[in-house]
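Student: I'm new to this one. Can you walk me through it?

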Amino acid sequence: MRKQNFFYLLILGLLASFMVACSAADNAANATDPEEEAVDATEESDSNEGSDGDTIKVGILHSLSGTMAISETSVQQAELLAIKEINENGGVLGKQLEPVIEDGASDWPTFAEKANKLLQQDEVATIFGGWTSASRKAMLPVVEEHNGLLFYPVQYEGMEASPNIFYTGAAPNQQIVPAVDWLLENRGDSFFLLGSDYVFPRTANAAIRAQLDNEGAELVGEEYTPLGHTDYNTVIAKIKNENPDVIFNTLNGDSNVAFFKQLKDAGISSDDMTVLSVSVAEEEIKGIGADVIEGHLTSWNYYQTTDTPENEEFVANYQEEYGEDAVTADPIEAGYFGVYLWAQAVEEAGTTNVDEVREAAKGISYEAPNGTVTIDGDNQHVYKTVRIGEVQSDGMISELWQTEEPVKPDPYLDEYDWASDLSESLAE
Amino acid sequence: MSQAVLKLKKVIVDFSGFKAINQLDFTVKPNCVHFVIGPNGAGKTTLLDVICAKTKATTGEIKLHSTKELSKLSEDQIVHQGISRKFQAPSIFQNLSVIDNLEIAMKQKKNLFSMMKAKWTKEQKKKINEMLELVGLKEVKGQLAGSLAHGQKQWLEIAMVLMQEPDIVLLDEPIAGMSKKERDKTGELITKIARDRAVLIVEHDMDFVKEYADIVSVMHEGQLLFEGSMEEVQNDPTVREVYLGRKVEENVVN
Amino acid sequence: MNEIILTLFNGVSLGSILLLIALGLAITFGLMNVINMAHGELIMIGAYITYVIQNIFINYAPPEYFDLYFIISIPVALIVAASIGMLLEVSLIRHLYKRPLDSLLATWGVGLILQQTARSIFGAPNVGVTSPSFLSGGLELGSLILPYSRLFILGLSIICLISIYIYFFRTASGRRVRAVMQNRQMAECLGVSTRKVDMLTFAIGSGFAGVAGCALTLLGAIGPTIGTSYIIDAFMVVVVGGVGALFGAVSGAFGIGILNTVFEYVTNATLGKVLIFIVIIAFLQWRPSGLVMSRSRSLD
Amino acid sequence: MQNTIYQKIWSQRVILNLIFLLLLAAPLFLSDFRLNLLGKFLAFAILAIGLDLLWGYTGVLSLGHGIFFGLGAYCMAMYLKLEATGGGLPDFMAWSGMSELPLIWIPFQYPIVAIILGILLPAIIAFMLGYLTFRNRISGVYFTILSQALVLVVVTLFVGSQNLTGGSSGLTNFNTFFGFSVNSATTQTAFYIITVIVLGLVFFLSRKLVKGRFGKILVGIRDGENRMRFLGYSPSAYKTFIYTLSAAIAGLAGMLFVLQVGIISPTMIGIIPSIEMVLWVALGGRGTLIGPVIGAVLVNAAKTGFSESYPDIWTYFLGLLFVLVVVFLPKGITGLFEKWNDRRKKQDVSSSVEVEKSYS
């Protein structure tokens, strides 16, 4: 009996010492060096987030484990590459960037927790991170609450414009809308919509439905499969029955591999039907196998083959850092230039203070690998060029068409009459 | 002849084609030590199983006090009808103390809600103390049941059966693995408890049967071959032929 | 009419995939009662083996022999997965035979470690395997096209089934395994080394997981988490079929496969999946021990 | 002599009370961020106690407690979401083309209803599944696998019915709870205090339950379910009850989780988190009540700490932890202490025996 009590006593002791230790640690962290404080006071009165001595801390928050690690690891690598390059060129405001890496573990509450940690504990100047809409939505209340910054690098469904988030991926009107237009013009007007069952495909397809309706095109079918679904025989049978001109594919992740392999096995090639994907980039093609997806289309803002001097340099640097076989892709590039956009805004503002950086960021331009990107001050999205590409046998994507100039981002599709119902229901 | 407490009528237990019990009629009388013997596979253990609902009868009826039909009841309902069973291998709760084992075995309302507010009564404590005295486990009452010697485990299980205050006690080879001394003690205990209830025992040890039996039933191939006193059993030619054979001769010689 | 035939074929095809991933489990779980949650990761190993051998062929073999890589992958995957299974049995599972729920947790841990190992070696992204050319395309029956890869998997699952049958029921070694699984003590008394038999049986079960992984490269993604998407399905097949009944697993696999396809065709993939699991749960209420019941008199 | 005084002052109850008080006083020591984390861990600890009642005491392993946790969490989240939209349509519904609040959301406008349903809903589902399966004597690994199937069904449904549940993104972006801002430090401290009190209550009541005759019956069912039948008990009733109870506790924990973390999504309720929950109990020590609490806090603290410094290695570590605990520490950390105790006790006993001998 007595010794069992000893066990409980031990827990008590550990708990007490843990708390004392934590409180001591916190105090130490909060109590700044008196000298430094004096310097700070002379420089500026408000806090200078993440700026600590000679370095500026920036948070990197992607899934390094779990199902999303497949996609997010490369974006993280691109961001680290950008940070490294910036540091080699003298850093930002004369200070080196210090990345604080966290794992979102493909779990949205973990994204919220880690964002909280980065902002509260590490006091980072900004966070680069996220991939899925869910992860962004999880981080959104956190960055808004603590007035932090988030650079989000992936194309998404739109309908959002948080003052604390910069969206460097495509808004729907920079990827989906032009793709549908192009398909209607070049490939036919009967559409089959296929997507994974979550927010991006559902919202994207709602917009496509409205657009098709407006253009007088025909929607012959719409199917959603659970995330991670692996057997597409039944879906393919349904597609065969309807025999559409175009399959608009918003499947996510592994499902694409299964879908394309089984589509080919079912004897449907790109000559019979066009599949246009908006979530399949060079990285994913490696996993699918180029022979299977060859000839099908994608819609993005950037391809590894994009012909700009900036891209040539970016691809070379990326492959030098991560190996000859490494490929670049749209989200990777968006993660990469996001870091540069932020750095430029900080230089402009002369501080890492969030409000000032946000103000300075308006209208900033950067020569990114995909061309000139400009931050739209109204919604903190980015002007980007839209490109339709065709998958080649070597796994690269060759461009078929591109917009003449970067497209203004329009996350709520305000510019399109046919989308008024969509955006109206949101305005409430 | 006293009224039968339990009556089996034309009971069949069919294990996918194999009839472990075949058209068995069987009667248990009160205040008797009733042994069931027979060669391996004769259906002795299955007989106990079918009474306590471990195995369901394929057809036939089992009547308690010639009114209550048992074959449709579940195991725990049968216990509440006053039938308790001890298994061959001691099945006691190793991770509970001796006294805990008796506590949960004790006759009481055993449904969920009465159990949640169950408290010790003076009477219950007295009963358990008496039982500990009776089976001689008083010294070890606080020990975990798993730490008991084999014989003690057997008695603990008998005690658990008795704590349920049953009208009919079913014992499956209660003295297996016991020393001579322990066997005698168990025999005395059985005689004692049979004063106010029926005791039905499956046993292989003929000396033990001879010493303590009031009635002996001989089973063979799922059917009742013969029933009577041990003496009558030993003298019956058919029993000799199918089962006892040499063993009885030995016994006679001894 | 065509629709019905195609749905039926798709159902049978799904069933054959389920059978292939569940066969190994029917042995380790069904016969040995080991809940091997790392079964999915053994499938993953089979898939990566195929990938590795493909790369060896790309780099070192003349291109005209490229298709051979797949034929070679199958036995290699079988052997490698079996060896890893054997290692797992000797080092871990052997100590947990009496604690099935604990073996479940421990093997889940092993699964995690294997996943992360794959991630460290091959990287997190999916890797691509090019299907051999003799399996691309399909058999044309009128307007129907039955993909060769599907037919191949159907054939492979039948071959695996037959070889398991021959092994267990027609060879001396298989008889020993059955003897041990049915009555351990008795088999021990008769001089059968139960340790060896356990090790062998588990290795065989694991080996078939490897073969399944090899076949799955024809259909879907190859990544570190490929196993997790199949493991529950595999357990369902074995449970529905009846634990301990190899041929229950066959009926379980095709039953689930066909029903699932029909549900999915009539509704959609999400609802189809939900419906099939509800049917399984309901079915197990009706027949708790699965399609093929093995009655026994043993206590507990 | 000394022993008795020591025993009096440091009786188990006194120490437990001290731990409780110390937890209550934590806001004085910890920063907001750490307090929030600790609060989350303690919410997990509540769930772990419920899971341990089921697994550690009754021997039923459920790999599906994530969904009960999730149901509780979603109930609370639905209320918070409606608070945030001011009774209007949540954003994701608008995108999915809904124009009116769906029927099943309507009761969640009222916080009291949401809280009651957050406990009741998991309980009802657990009761239905438990009643059927336990009555049909599906037990052991079969039940465990079925519980996993249940997770798959519920998660697929939750992800699939995007217009009702927010799909894979789940529910987040909350404002107020009973009119208080959920994100402010004071409210968060209050949530923490509530969590500690609930944990104390759950612990106290569970302790009361398992220390009495009821607890012995549970152990009896765990160690010999069939024998219990022949003692006149109906194990299925007891198992159904404990399963239902532990589901309700999980729902409670889920509600506290959402209040402190501010988001719930299907990833939090799936198969992997459900198995991790079992690890908390296994590591801490099943069959004790303090064990799961320690396990939940320790594993999650390690997860936070480890994945902060070595995100890649975390998975290795987690996997290894499972293997090591199961093989070498089947009784968890508390078991380790018991072993150590026993050894010392034996030494004590042997020395006292010697003393007796010398007297006689």
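Student: What pLDDT does chain B average?

Tutor: Chain B averages 84. In chain B, 94% of the residues score at least 70. Residues 248-254 of chain B have a pLDDT below 50.

Student: How should I treat low pLDDT?

Tutor: Predicted coordinates should not be read in detail there.

Student: Switching to chain A. Which domains does the assignment give?

Tutor: Domain 1 is 47-170 + 307-384, and domain 2 is 173-305 + 386-427. These bounds come from an automatic or database domain assignment.

Student: How far apart are their C-alpha centres?

Tutor: In chain A, the centres of domain 1 and domain 2 lie 27 Å apart.

Student: How many residues are in contact?

Tutor: 32 residues of domain 1 of chain A are in contact with 25 residues of domain 2 of chain A. Contact means C-beta atoms, placed from the backbone, within 7 Å.

Student: Now A:Gln380. Is it buried or exposed?

Tutor: A:Gln380 is buried, with 23 other C-beta atoms within 10 Å. Buried means 20 or more such atoms, exposed 12 or fewer, and partly exposed in between. A:Gln380 also has a positive phi of about 60°, although it is not a glycine.

Technical notes: Residues numbered from 1 in each chain as written. Chains lettered and ligands numbered in written order. Predicted model: local features only at pLDDT ≥ 70, side-chain atom pairs only at ≥ 80, totals over all residues. pLDDT = per-residue confidence, 0-100. Contact = placed C-beta atoms within 7 Å.
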